[in-house]
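I opened my notebook to look up pockets and strands. My notes follow.

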Amino acid sequence: MAVSPSPASPSRRRISRALALTLALSAAALSAAPAAAAALPAAEETDPKGVKPTVVLVHGAFADASGWNAVAEELTDHGYKVVAPANPLRGLVSDSAYIASVLKSIDGPLVLAGHSYGGAVIGSAAAGNPNVRALVYVSAFMPDKGENLGTLAAKFQGSELQPALNPVPYSDGVRKGTDLYIKTDKFHSVFAADLPVSQTKLMAVEQRPIAQACFEEAAPGAAWRTVPSWFVVSKHDKAIAPDLERWQAKRAGSKTVEIDSSHVSMMSHPDVVTRQIREAASGTATGAAKSAALADTGSRTMALVGVGGLAGTAVLAGTALLVTARRQSAARGD
């Protein structure tokens with residue numbers, strides 16, 4: 001004869017319900033943890049307002065803005081707005097003032113890159129401009145306030161520029177002075193030895209002269225003292241001594257990379273120069289990014305703590321129910 005199981009006592013039924021409730025609450029709370037964490041956005045290395053800085057590329061002596069073509073193209077491909085103004089090459093004070101006026105016309109954060117004499121210009125032009133977040137010096141002069149480039153250039157050996165110069169008197173109807181050109185037969189070896197000769201022949205013919213006054217005037221500012229800087233040292237530079245470049249970068253505490261390049265590293269190694277500019281642009285947002293990352297991590301932690309607390313509360317509540325049910329069962333003897 002089949003024996004029917006005896007019905008469960010009320011106490012046992014209460015224990016079973018309490019256990020089921022505990023397991024259900026714990027499972028629900030734990031399953032919510034990944035979703036809660038995933039709902040929080042990840043931090044991005046951008047400007048605090050989410051805007052990439054505009055990159056301003058300033059050329060140096062004996063050249064024009066076209067020397068930045070390859071770099072400008074790469075930066076544009078990576079989503080940066082690029083401005084490459086004409087550097088007047090008339091005097092360090094007036095050139096810096098002109099570029100400073102260009103900077104004031106651009107909204108938002110700025111990263112400045114200067115090649116050769118352009119480095120001296122950006123250091124003064126950026127002084128006092130709160131929108132300038134980083135300076136990148138490419139085979140460049142980096143004078144301190146009050147220094148002139150002639151004295152700075154004489155600090156180290158290695159440059160072959162001085163004997164290669166061809167001074168030409170000029171007059172613009174208002175003032176007179178001396179323009180400096182690189183002799184055409186010296187242009188390739190001194191200025192751009194790692195570019196094709198066919199290319200440097202055209203560059204020599206089309207070179208823009210620099211006024212001698214640019215090497216004599218004292219730098220009116222030195223933004224690198226307060227603005228983070230990067231430096232690309234060209235190890236085979238014959239226009240500016242590589243040891244001077246290293247010394248300037250060390251003095252400024254610049255983040256430095258050295259490459260096997262002539263003076264025109266932005267033309268012969270545009271990928272390396274672009275990478276440094278992008279790193280500088282990214283580095284300007286590092287503080288904001290770190291803060292955002294920490295805030296994000298903290299938010300995720302709090303979310304998980306909250307979810308964990310919910311799970312813990314569920315377990316405690318269920319445990320309390322079980323204990324109560326068992327005590328009642330013991331008291332009734334079932």
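I looked up the second largest pocket first: 15 residues line it, and Asp64, Ser66, Met203, Glu206 and Met267 lie nearest its centre. A pocket is an open set of points on a 1 Å grid over the protein atoms alone where a 1.4 Å probe fits, with protein on both sides within 12 Å along at least five of seven lines; lining residues have an atom within 4 Å of a point.

The model is predicted: local features need pLDDT of at least 70 and side-chain atom pairs 80 or more, while totals for chains, interfaces and linings use all residues. Residues count from 1 along each chain as its sequence is written, and side-chain values use heavy atoms, without hydrogens and water.

I noted about 230 Å³ of space in the second largest pocket. That volume is the space filled by probe spheres set on the points, which are joined across faces, edges and corners. Helix 8 (197–205) gives the most to this lining, with three residues. Helices are DSSP runs of H or I, at least four residues, and strands are runs of E, at least two, numbered from the N terminus.

Next I checked strand 4 (residues 132–138). Six of its seven residues are buried, so strand 4 is largely enclosed by the rest of the structure. Buried means under 20% relative accessible area (1.4 Å probe, protein chains only).

Which strands pair with strand 4? Strand 3 (residues 110–115) runs parallel to strand 4, joined by six bridges. Strand 8 (residues 229–234) is also parallel to strand 4, with four bridges. Pairing takes at least two DSSP bridges. I found Val138 opposite Val232 in strand 8.

Note on methods. Buried < 20%, exposed > 50% of the residue type's maximum accessible area, 1.4 Å probe, protein only.
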